[in-house]
Amino acid sequence: MDGLDARVRWISAGGWVRNSVTTFGALSWSGFRRYSTYRQATIAGAFTNTVFGFLRCYVLLAVVAGAGGSAPGGYRPDQLATFVWVGQGLLTVVALWGWTELSDRIRSGDITADLLRPVHPVIGFLAPDLGRAGHAMLFRFLPPLAVGALFFDLYVPGRPCTIPLFALSILFATVGSLAIRYLVNATAYWLHDARGPMTLWTLSSGVLAGLSFPLRFLPDWLAITLWIATPFPGLLQTPLDVLIERDPPPRQLALVALQAVWATSLLVLAVLVQRRAERRLVAHCG
Amino acid sequence: MNAKTKELLGAYLALLRGQVHSLTSYRASFAVELFSNLGGTTLDVLTVLVVFRATRSVAGFSLIEGLLMVSLSSLGFAMADFAVGNIDRLKNYVRTGTMDAVLVRPLAALPQLLLMDLPLRKALRLVVSGAVLVVALRSNDIVWTPSRVVLLVLAPVAGAVFFSSIFVLSASLTFWWIDSGELGSSFTYGGRDFTAYPVPVYAGWFRAVFAYAMGFGFVAYQPALALLGRADPLGLPSWAGFLSPLVAVVAAFFAAVVWRAGIRHYRSTGS
Amino acid sequence: MSLIQMHNLRKDFTVRVKAGRFRREKRIVPAVNGVNLTFERGEMAGYIGPNGAGKSTTLKMLTGVLTPSSGDVRVCGLQPVPQRTKLALQIGVVFGQRSQLWWDLPLRDSFSLLRHIYRVPADAHAGRLKRCRELLDLDDFMDTPVRQLSLGQRMRGELTAALLHGPSVLFLDEPTIGLDVVSKQAVRSFLAELGQGGDLTLVLTTHDLADIERLCRRLVVIDHGSVVHDGTIEALHARYGSHRRLVVDLDVPLPEGFAVPGAELLSVEADRHRATFELVTTQVGAVVSELTALRDLSVVEPDIEDVVAKLYRA
């Protein structure tokens, strides 16, 4: 019976933290591994990002050229080119589109298997998603950026704090994006399928996150409202503005802090929604 | 029309009817998607407006001239997307075996796939694109001649045929490369984005490939120049705008050949 | 002329095999390797084999979905691929794991759409539909969307859909896969009923050998792309030496050294009160007449599953 006793012994607080970190790490690694098996789709996707990089980059450069000396949105040409190419790379890292795993599992009923696991569902989806983002950083972020650097003059950040801040900003963008995707998918708990909300999200996210054009092209009042009142700019525009040093350091820092606030609140909201949904599931399944 | 053709037409109509009936079982979802699509097209046009707002002119073209180009491109694209756009789900058809089910029916494969899954939710896009074209035509000072009137009718139709061909070509790619993922959208949606702006915006080999080798320059840019009576800064003669139907026919021919080859390849390899 | 003819039919697939970290090698794998078969009008034939043996590939070549790599194939006198649409009017196909029906529409609507697609005259359509409704008990769910049907109900719908244009050949690819016992029975008796008419040729692949035993006089076994058996089920048993078994319960223990010519003693149990014989060349009577104090007996028919398993392993 000694063996059994050893297994049920009380786990110290330090051990609990250590275990959680190990579990989180293992789940993230599984996300990374999973995406490294889709090798051909990765190549095809990177090619597509590159084509769109060319398209958007030429358009924005034409905008600067047509502005006759003034800087549209406060950007110089090399900053805009960097905005486009890094944006194409980040698009897959933050994964704005095409994630229906949760709603599919809700619809098929597989979600009940997830609820039986000793890991909270939000964490159970967040950890592999960070692994996926890590994979995308290597194989979807770098290739278009390299092509962009080959054909256009890109902006090289000068401040020492920019790169760490950019990395932090990508992390918050990914977490915020996962939280929103989780919320959109979770509507499937209540609606029959999440297709409607999903379509709305896909349409609005591209424009409101700054993919179609830099949000600074909008009138100031509108841009500021979007930044503070919605999480969208934090998904793409903020990391890009941080990297190309659009603003002085204090404001760079403030933008990332704003992102952090949004990402945390959305994650908390996702946990609350999940709790509501579980209560509903229990009530319905008896 | 002889009896046999009539019968065949009836068969295709039946497929379309099935698709319409299917929608009635998802009325709420359909309504949401219909209006989302409306919103999507509006956002596409707004994007162009915002881009022009940030500057005085783009590659020497004013906002209203740009609006004419984006509306020609978006009307052609909307028609093609409506009729043929769902073919980009070909890889799902192959994976789920729908392709096999289609091949054992007594009808041609491509029209079956299109009619079984006609994206009726995209119908309102046509209305928005048409409305923007009307606004663009009224804001520009166009000197109307008979040939320009003909061109105005031909250009969107040619654009639709052209984009449809691109859709079919991109989809055919999956016959050879099932994991090609979003690659096809580089040319379908990428092509739409390309044609939304004047060609001189682009440069170098990228412009040469997209505008002339693939023919995207003839969808909206050249016809718009011909309608406006503006000389092409890149040096093509003014009648180049009238080439758009020809370019569309060539593209359609290519698409038909590649699609047939694709079906043949599918038949020799299976899924 | 035979309704279905395959002459040296062959299908090769090219697969890329990993050879080292980045290199991939092309390798040609024959899925169907020179098959010669003919099926006559009205014949009901089972086509079986282990996973990947080439069953579905053959069926796809017969229905015009796949082009053969070489060899000849004729169905109803037509070449399946070049004359696909013409052939489609004469054959019915049911893929067990794929659907011919409209997912979101009631069965009734799917059937009426199929009438237009196959250009069937209204009265002929109505007649065939009526027969299927009676035999397959479709009336309870004619107005239910296909996505809400149970697998068994859906399969009954699929069978109807494949028959509405009055095909002369019906190809069934695993029609009972995943069905519960009652649905399997319903499908089998329906197919048996169809076969009675004698006009319809039926070729079915399956993993459930009970389908074959119930329906097919002829059994074709394919393995690694080649036909390894073609004939009746009895012929298969004869060839693989599978025999009936006799189990006897006795009131007294079986004497040591008990033997009957032509019967092989397989086992004794329960303190020699129960014995099992394999009847190799003799009949039940010959064994029973030698036994004293017989309490009970039973005869076990040879198990086709065992025979086929033996065949696959060979």
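**Strands, and a helix**

Me: How many residues sit between β11(C) and β12(C) in their hairpin?

Reply: β11(C) and β12(C) make a hairpin, and Ala270(C) in its turn has a positive phi of about 45°. Strands here are DSSP E runs of at least two residues and helices H or I runs of at least four, numbered from the N terminus. The count between β11(C) and β12(C) is four.

Me: Before going on: this is a predicted model, with local features needing pLDDT of at least 70 and side-chain atom pairs 80 or more, while totals for chains, interfaces and linings use all residues. Numbering starts at 1 in each chain as written, chains are lettered from A and ligands numbered from 1 in written order, and side-chain values use heavy atoms, without hydrogens or water. Now, which residue of β12(C) is the bridge partner of Ala263(C)?

Reply: β11(C), residues 263-269, runs antiparallel to β12(C), with six bridges between them. Pairing takes at least two DSSP bridges. In β12(C), Ala263(C) has as its partner Leu279(C).

Me: And over to β10(C): which residue in β12(C) is the partner of Val248(C)?

Reply: β10(C), residues 245-250, is antiparallel to β12(C) too, joined by five bridges.

Me: Which strands stand at the edges of the four-stranded sheet?

Reply: The sheet is open, its pairing is antiparallel, and its order is β11-β12-β10-β13 in chain C. Each edge strand has a single partner, so one of its sides has no neighbour in the sheet. Those edge strands are β11(C) and β13(C).

Me: Which residue of β13(C) does Leu250(C) stand opposite?

Reply: β10(C) and β13(C) are antiparallel and share six bridges. β13(C) spans residues 294-300. Opposite Leu250(C) stands Leu294(C).

Me: How many of the six residues of β12(C) are buried?

Reply: Buried is under 20% relative accessible area, exposed over 50%, partly exposed in between (1.4 Å probe, protein chains only). Across the 314 residues of chain C, 49% are buried. β12(C), residues 274-279, is largely enclosed by the rest of the structure, because its buried residues number five.

Me: How many strands does chain C have altogether?

Reply: The C-alpha atoms of chain C fill a box of roughly 75 × 55 × 45 Å along the principal axes. Besides ten helices, the strand count of chain C is 13.

Me: Hopping to chain B, what is the relative accessible area of Ser170(B)?

Reply: Ser170(B) belongs to α8(B), the helix of residues 146-176. Skipping residues up to four places away in sequence, Ser170(B) touches Gly184(B), Phe187(B) and Thr188(B), where contact means heavy atoms within 4.5 Å. Ser170(B) counts as buried, its relative accessible area being 12%.
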